[in-house]
Amino acid sequence: MNINSIRQRSARAMVAVVLGASLLGACSGDDSDDVSTGADGDVTTTSATGPATPDGGTEPAGSQIEVAGAWARTSPSMATRGAVYLVIMNKGEADDALVAASVDPSIAKTVEIHETVPVESDDDSGMGDGGSMDESTTTTSSGGGMHGNGMGMGMMEMRPVDEIPVPAGSDVELVPGGYHIMLLDLVEPLEAGTEIEVTLTFEAAGELKVMAEVREMPM
Amino acid sequence: MALCLVGCGNDGDVSAGAPAGFKGVVRKPAIEVGSVALTHAVTGEPVEMRAQDGEILIAYFGYTGCPDVCPTTMSDIRVALGELPAEAAEKVTVALITLDPERDTGEILDDYLGHFFDRYIPVRVEDPAALQEATDAFGVQFEVADHQEGEPYEVAHTAISYVIDDSGTVVVEWPFGFDSPQMVEDIETALDSPAKSSARAD
C-alpha cells in the first residue's frame, strides 16, 4: 500500500478540509496532526476496487476507491442530526460515484448524502442578498479561508443528492459547507473521542466501510 | 481622529468614517438593530440586539436541525473565542435566533448553544410576523421547506454572523465560511474601537 502517496493526498485534502477552520485551534484529544496517520488506528484508510479486467490482470481497470480522513462533528446533546465528512480518492481509471451511505441503526435512523449550496431567493429585498446592495457600499474580506463554495452572503441550503460523482483519478472532499453525509434522528449524541462505522456504497466499487472519528472540528 | 491606522485599507473601499481594518463585510450605512423586538427562548423576557457596554454581541440566525452550516459557523466562532485572550473573550456573547421555532424549543436552543459557548443567548420568536420583522431588520432571508407535520424538513437561510456593538449597530458581518483567524481580528478591532455613540468629538 502506497502510504506516502496517501499521506500526500490526504495532507493536501486536509489543508482543504481545514480551510476555513482555524489552524490554531486546539485539537482536543488528538495528538496527531496528520489526519491520514493509520499507525494507531486513528483514521482508517480503506479501499474498494471496482470490477477487475476480464483477463484477471493484476491492476484493476475499474475504479479504485480509497477513503481517508473520515470524521464526524460532535453534536449537542439534544441535536437530532449529525454530519460526517471525509475524502474520497479514485485512483483507478474508471469514473465512480458515491451513491449511498449507512450506519448502524443504533447510531442514527436514516442517512442521506447532502450538499450545502447557496440559493437564489425569489424575494428581491436588497439587504441579505449579496447581489443588490445599491444603497450601501461594502468592503469585503480578502478572500482566503472560506469553506465550501465561498458564496457566504446569501441564503444557504442543504439538500439531498442522489450521488457524489468521483471521476477517475480525482479526489472529492466532503467538507463543512460542501458535501456531507447527514445522519438523521441520532439515537445518541455524537461524543468526541468515539468512532462510528459508516458504510459507503459506490456505484462501481461497491461497499466500503470506514471508521469516522468524532471530533469537534476538522483537525 | 485616528481611525485609519497603518495597515488598514487593505480591503479596498473603506468609506470615510467607517471603522478601519475589519476583515468582514462592512455596510454603509450600518444596520441598526438595537430596537429589534426579540424574546429569550427560555425565559420569554425581551432581548435587545445590543451588546453590554464595551462588549460585542454576535447574532446568528439558524436552527438546531441544521447538520452542516450552523454547527460549522458555531464551531468557527468557538475556535475564534478560544484564540482570544480571556478578557476579550469574556466580552463576547453569541445569540442564536432560531428560524425554526416549530422544532427548536427553548430547552433545545439552550442545550445547543451551551455545547459551543459559555456566554450565549438563545432567542426564539414564535409569532411568524414578529420573526419576519426581525429578519427583515437584519436583512436575513429564510425559507422553511414545505412539510407535513412530523416530517423532516430543511430551512434555507442567510448564514451571516452579525457583530453588534453596545449601541445596537452591526459593525461588521461575517459571511458563511469566514475563517476563525479573521474573526479573531475583527473581534479585537470591534472591542478596541469605541461604539459610534461615544464620539470623542464633543
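**Entry 1. Between the chains**

I began at the chain contact and found that A:Met155 has B:Thr158, in strand 8 of chain B, as its bridge partner. I noted that the model is predicted, that local features need pLDDT of at least 70, that side-chain atom pairs count only at pLDDT 80 or more, and that totals for chains, interfaces and linings use all residues. I also recorded that residues are numbered from 1 along each chain as its sequence is written, that chains are lettered from A and ligands numbered from 1 in the order in which they are written, and that side-chain values use heavy atoms, with hydrogens and water left out.

I then looked up the strands on either side of that bridge. Strand 7 (residues 155-160) of chain A pairs with strand 8 of chain B in the antiparallel sense over two bridges.

Which residues of strand 8 of chain B are buried on each side? I found B:Val155 and B:His157 on one side and B:Ala156 and B:Thr158 on the other, so that both faces are covered. Buried means under 20% relative accessible area, exposed over 50%, and partly exposed in between, with a 1.4 Å probe and protein chains only. In a regular strand the side chains alternate between the two faces of the sheet.

**Entry 2. Strands of chain A**

I followed strand 11 (residues 195-202) of chain A. It pairs with strand 4 (residues 96-103) of chain A, antiparallel, over five bridges; A:Leu98 has A:Phe202 as its bridge partner. Strand 11 of chain A also pairs with strand 12 (residues 206-215) of chain A, again antiparallel, over eight bridges. A:Phe202 is bridged to A:Gly206 in strand 12, and the two strands form a hairpin with three residues between them.

**Entry 3. Helices of chain B**

I checked the length of helix 5 (residues 180-192) of chain B. Its 13 residues should span 18 Å at 1.5 Å a residue, and its end C-alpha atoms are 18 Å apart, which agrees; the expected span is 1.5 Å times one less than the number of residues. Its buried residues include B:Met183, B:Val184, B:Asp186 and B:Ile187. Their cover includes strand 4 (56-62), helix 1, strand 5, strand 9 (161-164) and strand 10 (170-174) of chain B.

**Entry 4. Cores and rings**

I looked up the largest nonpolar core, which has 66 residues; B:Leu38, B:Met49, B:Ile77, B:Phe138 and B:Trp174 touch the most other members. Such a core is a set of buried Ala, Val, Leu, Ile, Met, Phe, Trp, Tyr and Cys residues joined through side-chain atoms within 4.5 Å. A second, separate core of 33 residues includes A:Ala48, A:Val103, A:Leu174 and A:Val198. Beyond its neighbours within four places in sequence, B:Trp174 has contacts that include B:Ile77, B:Met183, B:Asp186 and B:Ile187.

I counted rings of Phe, Tyr and Trp (its six-membered ring) as a pair if their centres lie within 6.5 Å, with planes under 30 degrees apart stacked, over 60 edge-to-face and the rest tilted. The count comes to seven aromatic pairs over all chains. B:Phe61 and B:Tyr162 form an edge-to-face pair, 6.3 Å centre to centre with 90 degrees between the planes. B:Phe61 lies in strand 4 and B:Tyr162 in strand 9 of chain B, so the pair ties together parts 101 residues apart in sequence. With B:Phe138 they form one aromatic cluster.

**Entry 5. Backbone and cysteines**

I noted a cis peptide bond from B:Lys28 to B:Pro29, with omega near -5 degrees. A:Asp185 has a positive phi, near 55 degrees, and is partly exposed at 38% relative accessible area. Most residues other than glycine have a negative phi, and most peptide bonds are trans.

Finally, I found zero disulfides over all chains, a disulfide being a pair of cysteine sulfur atoms within 2.5 Å. B:Cys66 is buried at 2% relative accessible area, and B:Cys70 is buried at 1%.

Notes: Helices (H or I, at least four residues) and strands (E, at least two) are DSSP runs, numbered from the N terminus. Contact means heavy atoms within 4.5 Å. Two strands pair if DSSP finds at least two bridges between them.
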